[in-house]
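Subject: Structure handover

Hello,

Here is the structure I promised to pass on. Please open it alongside this note, and then read on for what turned up.

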Amino acid sequence: MGQQIINSLNNALSMWNEKFSEIYTLIVTAPEDFRGGGIWTVIVGVYQAMRGIGIALLVLFFFAGIVKTYGSFAEIRRPEIAFQLLIRFVLAKVVVTNALGLMQQFIGIGSGLVTSIMSASGFAAEEALVLPEEISAAAEGIGIIAGLGAWLLSFVCLLVVTVLSFFMLLTVYARFFKIYIMTALAPIPLAGFAGQPTTSMGVSFVRSYAAVLLEGAVIVLACVIYSAYASSAPAIDPSASAQSMIFTYMGQLIFNMLVLVGTIRLADTLVQKMIGI
C-alpha cells in the first residue's frame, strides 16, 4: 500500500512539474514562433485585410471628427488648425499602416520584461518538486487501514493536481489567443486616432494590448514566488503519525498550487487594476 501512495504522489508531482515547465516555455516563446509560426502567418494575413478596412475607417473618423469638433469651414481654413489636422491625419495613417510593426515592438518590450524578471530572480523551470524523504519513509511504514485512506487521498490529490495544471495552462494559452486576435484587428481601433472624438478608442486599445503583454510578467513573477516558496522545506512534524504526515503534506501541496493557479487566473484582473483599465 505504501508504494501505491508513493507512486500516486510522484505521478502528481511529475504532472505538475511537466505543466510548470511547459508554462515556462510558453511564456518565453514569441508569438511569431509559437507552434512553428504557422498561426502567426495566418494572423499576418488577416492583419493585411484589416489594414485596408482600417485605412477606410481612418478617413471616416477623420472627417467625422472635423464635423463634430469644428463649427464652420472657415475655422478649418485657419493655418494653425489646418496644420494640426494634417499632422493628426498623417500620424494616424502611419500608425494604422505600420500597426503590425508597432505591435511587434510592444511584444518585444513584454518579452524583455519577462526575461529581466527571470534573470533577476534566477528562476528556472528545472527546479522541479520532489517528494520529501520523510513522506516516502512514512508511506512505506504506514499500516494497511491507515494506508488505504492515505492512498485514496493521494489519488484525489493526483486528480486535483491534474485539473489545476490544465487550468493554469489554459490561462497561458488564452493569453496567446488574445495577443493574436488583438494584433490581427489592430488597424481598426487604431484608426480612431484620426479623429479627436474617437481618440479614446485607440488609447483604450493600446492600454488593453499592453495589459495582455504585462500578464506574462505577472504570471512569471507568480511562478518565481511559488518556486521560491515551494523549494523551502515543508512543515512536517517528524513526531506525528505516518498518516498525519502524509495528509499534512498533501494539504500543503494542494494549497500552494491553488494559490499559484488562482494568481495566474486573475493575472488579467490584476494588470487591469495596475494600469487603471
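Among contacts in the protein between residues at least 6 apart in sequence, what percentage join residues at least 24 apart? The figure is 88%. Please keep in mind that this is a predicted model.

Overall layout

The protein has eleven helices and zero strands. Along the sequence the pattern reads α-α-α-α-α-α-α-α-α-α-α. The protein has 277 residues, and 40% of them count as buried.

The nonpolar core

The largest nonpolar core holds 74 residues. Within this core, Trp16, Ile23, Tyr209, Ile219, Met257 and Leu260 touch the most other members.

Take Met257 as an example. Setting aside residues up to four places away in sequence, Met257 touches Trp16, Leu129, Val161, Leu164 and Tyr226. Trp16 is itself among the core residues that touch the most other members.

Start with Thr183, which sits in helix 7. Is Thr183 buried or exposed? Thr183 counts as buried because its relative accessibility is 1%, and the cut-off for buried is under 20%. Not counting residues up to four places away in sequence, Thr183 touches Trp40, Ile43, Tyr47, Leu100, Met103 and Tyr209.

Next comes Ala92, in helix 4. Ala92 has a relative accessible area of 3%, so this residue is buried. Leaving aside neighbours within four places in sequence, Ala92 is in contact with Leu58, Phe193 and Ala194. Ala92 and Gly202 are 110 residues apart along the chain. Their C-alpha atoms are separated by 9.8 Å.

Met118 is in helix 5. With a relative accessible area of 10%, Met118 is buried too. Met118 and Ala217 are 99 residues apart in sequence. From C-alpha to C-alpha, Met118 and Ala217 are 9.3 Å apart in space.

Thr199 belongs to helix 9. A polar atom of the Thr199 side chain lies 2.9 Å from the backbone oxygen of Gly195. Apart from neighbours within four places in sequence, Thr199 is in contact with Arg88, Gly192 and Phe193. Phe193 is also in contact with Ala92.

Cavities

How many cavities of 30 Å³ or more does the structure hold? There are two. The largest cavity contains about 80 Å³ of space.

Which residues line the largest cavity? The lining consists of Ile27, Thr29, Ala30, Pro31, Ile107, Gly110, Ser111, Val114, Arg175, Phe176, Ile179 and Leu213. By class, eight of the lining residues are nonpolar, three are polar and one is charged. Helix 5 gives the most to this lining, with four residues. Helix 5 and helix 7 each supply at least two.

Where to begin

I would open the view on Met257 and its contacts, including Trp16 and Tyr226. Then go to Thr183 in helix 7. Finish at the largest cavity, whose lining includes Arg175 and Phe176.

Best wishes

How values were computed:
Residues numbered from 1 in each chain as written. Predicted model: local features only at pLDDT ≥ 70, side-chain atom pairs only at ≥ 80, totals over all residues. Heavy atoms only, no water. Core = buried A, V, L, I, M, F, W, Y, C linked by side-chain atoms within 4.5 Å. Buried < 20%, exposed > 50% of the residue type's maximum accessible area, 1.4 Å probe, protein only. Contact = heavy atoms within 4.5 Å. 1 Å grid on protein atoms, 1.4 Å probe; cavity = no way out; pocket = protein on both sides within 12 Å on 5 of 7 lines; lining within 4 Å. Points joined across faces, edges and corners; volume = space filled by probe spheres on them. Nonpolar A, V, L, I, M, F, W, Y, C, P; charged D, E, K, R; others polar. Polar contact = N/O pair within 3.5 Å; in protein donor to acceptor, adjacent residues only side chain to side chain.
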